[in-house]
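This report describes the architecture of one protein model. The sequence and the coordinates are shown first.

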Amino acid sequence: MKNFFRLTISTLILADLSPSINQSIINIAIPDIGNALSIGFSIMALVINGSPLSSGALVLFSPIFATRFSKINILKTGLIIVFIFSLLSTLAQNATQLIACRVLIGAGSALVMPTTLAYIYQEIA
């Protein structure tokens with residue numbers, strides 16, 4: 001039982017880290033993205049801040065969805081959104097596509113982060 005608890009907590013922590021890792025990768029790749037897509041500073045600011053802005057705007061709705069549709073379904077949906085749009089952002093041909101992917105990654109992150117914290121609280125309490 002103790003190993004299952006450790007595995008559960010480890011999995012939840014990794015799930016919670018996935019949006020943060022995504023943001024860190026974008027921060028590191030800023031110069032290459034700007035050069036590859038020929039975008040200026042103001043558009044690059046939208047690329048960088050699209051995910052945290054949408055995540056911050058939508059994070060308050062995650063507990064409502066988790067109560068209505070179950071925490072596990074919201075966690076799975078959020079992780080799927082983050083991973084699919086992370087992959088699609090690598091295929092972006094212009095700044096508009098990249099910004100849209102980043103905003104949707106933020107929406108997925110808004111579902112993932114509070115739900116993982118609720119699960120960790122549930123396992124510990």
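## Basis and overall fold

The model is predicted, so that local features require a pLDDT of at least 70 and side-chain atom pairs count only at pLDDT 80 or more, while totals for chains, interfaces and linings use all residues. Residues are numbered from 1 along each chain as its sequence is written, and side-chain values use heavy atoms, with hydrogens and water left out.

The protein has six helices and zero strands, and its pattern along the sequence is α-α-α-α-α-α. Helices (H or I, at least four residues) and strands (E, at least two) are DSSP runs, numbered from the N terminus. Along the principal axes, the C-alpha atoms occupy a box of roughly 55 × 30 × 20 Å. The protein has 125 residues, of which 37% count as buried; buried means under 20% relative accessible area, exposed over 50%, and partly exposed in between (1.4 Å probe, protein chains only). Among contacts with a separation of 6 or more, 78% join residues 24 or more positions apart, contact meaning heavy atoms within 4.5 Å.

## The H1–H2 pair

Helix H1 (residues 2–28) packs against helix H2 (residues 30–37) at an angle of about 65 degrees, and their axes are 4 Å apart. Axes are lines fitted to C-alpha atoms, for helices over the stretch in contact, and angles run from 0 to 180 degrees between N-to-C directions. From H1, the contact involves Ile-26, Asn-27 and Ile-28; from H2, it involves Ile-30, Pro-31 and Ile-33. By class, these residues comprise five nonpolar, one polar and no charged. In this classification Ala, Val, Leu, Ile, Met, Phe, Trp, Tyr, Cys and Pro are nonpolar, Asp, Glu, Lys and Arg are charged, and the others, Gly among them, are polar.

## Nonpolar cores

A nonpolar core is a set of buried Ala, Val, Leu, Ile, Met, Phe, Trp, Tyr and Cys residues joined through side-chain atoms within 4.5 Å. The largest has 10 residues: Ile-26, Ile-33, Ile-39, Met-44, Val-47, Ile-48, Ala-92, Ala-95, Leu-98 and Ile-99. Helix H3 (41–58) and helix H6 (95–124) each contribute at least two residues to this core. Another core, of eight residues, lies apart from it and includes Ala-15, Leu-75, Val-112 and Tyr-119.

Ile-33 belongs to the largest core. Neighbours within four places in sequence aside, Ile-33 contacts Ile-26, Ser-38, Ile-39, Met-44 and Leu-98.

## The largest pocket

The largest pocket holds about 340 Å³ of space. On a 1 Å grid over the protein atoms alone, a pocket is an open set of points where a 1.4 Å probe fits, with protein on both sides within 12 Å along at least five of seven lines, and lining residues have an atom within 4 Å of a point. Grid points are joined across faces, edges and corners, and the volume is the space filled by probe spheres set on the points.

There are 17 lining residues, and Asn-22, Ile-25, Ser-86, Ser-89 and Thr-90 are the closest to the pocket centre. H1, H2 and helix H5 (71–90) are the elements that give two or more residues to the lining. The greatest share comes from H1, with six residues. The lining comprises 12 nonpolar, five polar and no charged residues.

Ser-89, one of the residues closest to the pocket centre, is situated in helix H5.

## Selected residues

| Residue | Relative accessibility | Class |
|---|---|---|
| Ala-36 | 64% | exposed |
| Ser-38 | 64% | exposed |
| Ser-70 | 28% | partly exposed |
| Ser-89 | 16% | buried |
| Thr-115 | 1% | buried |

Thr-115 is part of helix H6. Beyond its neighbours within four places in sequence, Thr-115 touches Ser-62, Lys-71, Ile-74 and Leu-75, and Leu-75 is itself a member of the eight-residue core.

Ala-36 lies in helix H2. Between Ala-36 and Ser-55 there are 19 residues of separation in sequence and 26 Å in space, C-alpha to C-alpha.

Ser-38 is placed in the loop between H2 and H3, and its phi is near 50 degrees, a positive value in a residue other than glycine. Ser-70 lies in the loop between helix H4 (62–69) and H5; although not a glycine, Ser-70 has a positive phi of about 85 degrees.
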